[in-house]
Amino acid sequence: MVRTFRLRCCFVLGVVFLTATAAGCAARPPGAAAPRAADGSPKLNPFVYFEDGAVAFIGVDGRAAQYVGSERIFPLGFCVANRTTRSLSLTRESFILEDESRKQYAPASYRDFASGYGRAETDVRLSDSFVEMMQLRFGGFTFAPWPLYPVKGGTATMRDRLELGRNQYTIGHLYFPVPEGGVHGRSFTLLVKAGELPETLVVSFRVR
């Protein structure tokens, strides 16, 4: 069942929460408060959270993140599917991680990933079930590869930007700095801003 995202609008006398049945995506205008994971995004399994609507599908997979130990960055599987009639422009900077205190983290640079992270191949293996789930969900869509963090020694060339066309979807990993206090047992929000959309899309999740 397609679940509409929630639209949060700020007014002078307070914040009014509306169900955005027309917009169809969990949307956050600039300056509005992020939805808390306790309100939460629905789950497809214990690791995969998502929001789905008329604008886009946003899914996150926290399975690999639960194995983070002493690493300085951690993996987050993601899927974005474009349900609009136009292309969506995505870059590395389109994604922001927000913790419970609303502190925000930009994705790690590819240089930091390539020079100091040794679990990338394991992360890819751990995402197999997530990838299969998304392939089944978007069987009528076209897959758009996006090597944001290609595995060292592979054939893919890193690309910072993707034009996600109509009825296209992409799957990959994001890498964020490990927040103070770690990631285990904590709730986060992934903020996604495509260049063509005035709102920010959000999905709330928890790392086991």
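Good morning, colleagues. The structure is a predicted model, in which local features need pLDDT of at least 70, side-chain atom pairs count only at pLDDT 80 or more, and totals for chains, interfaces and linings use all residues. Residues are numbered from 1 along each chain as its sequence is written, and side-chain values use heavy atoms, with hydrogens and water left out.

I begin with the overall architecture. The protein chain contains three helices and 14 strands; these are DSSP runs numbered from the N terminus, with helices being H or I of at least four residues and strands being E of at least two. Of its 208 residues, 50% count as buried, where buried means under 20% relative accessible area, exposed means over 50%, and partly exposed lies in between, for a 1.4 Å probe and protein chains only.

The chain exposes about 9,900 Å², and carbon and sulfur atoms supply 54% of that area. Accessible areas come from the Shrake-Rupley method with a 1.4 Å probe; for residues, only the protein chains shown count as cover. Turning to contacts (heavy atoms within 4.5 Å), among those with a separation of 6 or more, 68% join residues 24 or more positions apart.

I now come to the salt bridges. The criterion is a side-chain nitrogen of Lys or Arg within 4 Å of a carboxyl oxygen of Asp or Glu, and by this rule the count comes to six.

One of them pairs Asp52 with Arg83, with the closest N and O atoms 2.8 Å apart. Asp52 belongs to strand S4 (residues 48–52) and Arg83 to the loop between strands S6 (73–82) and S7 (88–91), so the pair ties together parts that are 31 residues apart in sequence. Asp52 is buried, at 1% relative accessibility, whereas Arg83 is partly exposed at 29%.

Another salt bridge links Arg92 and Asp160, at 2.4 Å from N to O. Arg92 sits in the loop between S7 and strand S8 (95–98), and Asp160 in the loop between strands S10 (142–143) and S11 (161–164), so this pair ties together parts that are 68 residues apart in sequence. Here Arg92 is buried, at 5%, while Asp160 is partly exposed, at 36%.

Glu163 and Arg161 also form a salt bridge, at 2.9 Å from N to O. Glu163 is partly exposed at 39% relative accessible area, and Arg161 is partly exposed at 46%.
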